[in-house]
Amino acid sequence: MEEQSLDTAERGEAVKDEEVEKENLTEIAGPEAEEEDEEALPHSEILDIFEEGLARLVQDPLLCDLPIQVTLEEVNSQIALEYGQAMTVRVLKADGEIMPIVVVQNATVLDLKKAIRRFMELKQQREGGVKHVSWRYVWRTYHLVFQGEKLDDDKMRLKDYGIRNRDEVTFMKKLRKK
């Protein structure tokens with residue numbers, strides 16, 4: 001019986017000690033927390049610091065091909081390329097511009113189309129220009145062609161069409177049916 005009451009007393013003291021510690025920590029953290037709020041950087045300054053760090057990171061030989069305003073998606077794609085987990089498909093537009101599109105090794109035609117869309121959206125954000133593109137219209141009006149073969153099955157893998165790293169795919173206007 002005496003042992004039980006000692007255990008209860010010890011537990012009670014331990015709980016009291018924890019409460020005292022919590023109070024001390026709150027008293028200590030209280031004023032500092034307020035100072036931290038006062039010293040917090042504005043969002044614009046944090047963005048500037050982040051962009052400076054990112055600019056230094058992009059100077060790495062592995063990432064030097066990426067734009068200054070790089071996205072995490074672009075960094076991951078570049079790393080995947082270096083490890084052989086992705087490939088670059090060069091998409092030739094009608095105006096002669098070549099878009100280097102990065103897709104995973106086992107990508108489908110639909111994955112390529114989505115990557116083209118993302119590439120164009122990022123390009124428009126960086127350079128300005130058209131705010132909205134109707135991709136539904138684009139894919140109704142144009143198709144992708146590799147070595148004379150239309151890539152018309154969205155579920156088919158690019159490798160099944162024979163597309164490999166650095167191969168060129170062409171954006172071609174569909175012929176109108178009369």
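Guide: Here is a short tour, going from the overall layout to single residues.

Guide: This is a predicted model, where local features need pLDDT of at least 70 and side-chain atom pairs count only at pLDDT 80 or more, while totals for chains, interfaces and linings use all residues. Residues are numbered from 1 along each chain as its sequence is written, and side-chain values use heavy atoms, with hydrogens and water left out.

Visitor: Okay, how many helices and strands does the chain have?

Guide: There are 5 helices and 5 strands. Both are DSSP runs numbered from the N terminus: helices are H or I with at least four residues, strands are E with at least two. Starting at the N terminus, the elements go α-α-α-β-β-α-α-β-β-β.

Visitor: In what order do the strands sit in the sheet?

Guide: The order is β2-β1-β5-β3-β4, in an open sheet with mixed pairing. Two strands count as paired if DSSP finds at least two bridges between them. At the edges are β2 (98–104) and β4 (149–150), each pairing on one side only.

Visitor: Which helices pack on it?

Guide: Helix α3 (residues 72–82) does, touching β1 (86–92) and β2, and its direction makes about 110° with that of β1. Helix α4 (residues 109–127) packs there too, touching β1, β2, β3 and β5 (168–173), and its direction makes about 130° with that of β2. Touching here is contact, meaning heavy atoms within 4.5 Å. The angles run from 0 to 180 degrees between N-to-C directions, with axes fitted to C-alpha atoms, for helices over the stretch in contact.

Visitor: How do β1 and β2 run, parallel or antiparallel?

Guide: They run antiparallel, joined by 7 bridges. For instance, Ala86 stands opposite Val104 in β2. The hairpin they form has 5 residues between the strands, and Gly96 in this hairpin has a positive phi near 95°.

Visitor: What about the buried residues of α3?

Guide: Those are Glu74, Val75, Gln78 and Ala80. They pack against β1 and α4. After the helix comes Gly84, with a positive phi near 75°.

Visitor: New topic: how many salt bridges are there?

Guide: The count comes to 9. A salt bridge is a side-chain nitrogen of Lys or Arg within 4 Å of a carboxyl oxygen of Asp or Glu. Glu73 and Arg118 make one of them, at 2.7 Å from N to O. Glu73 is in helix α3 and Arg118 in helix α4, so this pair ties together parts that are 45 residues apart in sequence.

Visitor: Why would two side chains like that pair?

Guide: Side chains of opposite charge can pair when their charged atoms come close.

Visitor: Which residue does Arg126 pair with?

Guide: Glu74, with N and O 2.6 Å apart. Arg126 belongs to helix α4 and Glu74 to helix α3, so they tie together parts 52 residues apart in sequence. Arg126 is partly exposed at 28% relative accessibility, whereas Glu74 counts as buried at 15%.

Visitor: One last spot. Where is Asn165?

Guide: Asn165 is in the loop between β4 and β5. Asn165 is partly exposed, with a relative accessible area of 34%. Apart from neighbours within four places in sequence, its contacts are Leu81, Met87 and Thr88. Asn165 and Val102 are 63 residues apart in sequence, yet 9.2 Å apart in space from C-alpha to C-alpha.

Notes: Buried means under 20% relative accessible area, exposed over 50%, partly exposed in between (1.4 Å probe, protein chains only).
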